[in-house]
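Please open the structure in your viewer and keep the sequence beside it, ready to select residues one after another.

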Amino acid sequence: MQECNIWVICQYFSEERYNEICPDDLEKFLQLFPHQKLFQCIGRDNDFMYLKKDKDIYRVKESLLKTTEEPKFKIGETVILINKNEKAVVVSIGWHYKLAEAIYTVSIYGYVKRTRYFGKDLKVIYDIV
């Protein structure tokens, strides 16, 4: 596997294109509703791109993917909710198709918030040492 580090979204696809997903990963990949997700592509081989989502890896054909810019925040990063001035931790990164930008799920004190946040709603905490 060749390493790579790009960010991609999975373009909408139907049953006719299931052959573009590694058969070993198909069921679990479809459970994600992948056309609504942002993935980090961590590698490729002759057949598949290796997509990382949270802790899982999925193999799909490049033809299903569209490259996008790297999200502003990373999973595990501590941020401030600008409107509430509360600390939170990014736990997941999704994709808003209509606005074509990353959306973030955060947790506060270990509880995952139901609200999704855009990059403009969050800011990085810079620790002073």
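The tour below goes from salt bridges to a loop residue and then to a surface patch.

Before selecting anything, note that this is a predicted model, in which local features need pLDDT of at least 70 and side-chain atom pairs count only at pLDDT 80 or more, while totals for chains, interfaces and linings use all residues. Residues are numbered from 1 along each chain as its sequence is written, and side-chain values use heavy atoms, with hydrogens and water left out.

**Salt bridges**

A search of the whole structure finds seven salt bridges, a salt bridge being a side-chain nitrogen of Lys or Arg within 4 Å of a carboxyl oxygen of Asp or Glu. D25 counts as buried at 10% relative accessibility, whereas R59, at 22%, counts as partly exposed. Here buried means under 20% relative accessible area, exposed over 50%, and partly exposed in between, with a 1.4 Å probe and protein chains only.

Next, select D56 and K28, which form a salt bridge with closest N and O atoms 3.2 Å apart. D56 lies in strand β4 and K28 in helix α1, so the pair ties together parts that are 28 residues apart in sequence.

**A loop residue**

Now move to E20, in the loop between β1 (2-10) and α1 (26-31). Is E20 buried or exposed? With a relative accessible area of 14%, E20 is buried. Its side chain makes a polar contact with the side chain of R17 at 2.7 Å, a polar contact being a pair of N or O atoms within 3.5 Å, where within protein one must be able to donate a hydrogen and the other to accept it, and residues adjacent in sequence count only if both atoms are side-chain atoms.

**A surface patch**

Finally, select V89, V91 and V112, which form a nonpolar patch on the surface. V112, placed in strand β9 (residues 111-112), is exposed, with a relative accessible area of 53%. Patches are made of residues with over 30% relative accessible area and no salt bridge, like charges being joined within 9 Å and nonpolar side chains (Val, Leu, Ile, Met, Phe, Trp, Tyr) within 5 Å.

Key. Accessible areas come from the Shrake-Rupley method with a 1.4 Å probe; for residues, only the protein chains shown count as cover. Helices (H or I, at least four residues) and strands (E, at least two) are DSSP runs, numbered from the N terminus.
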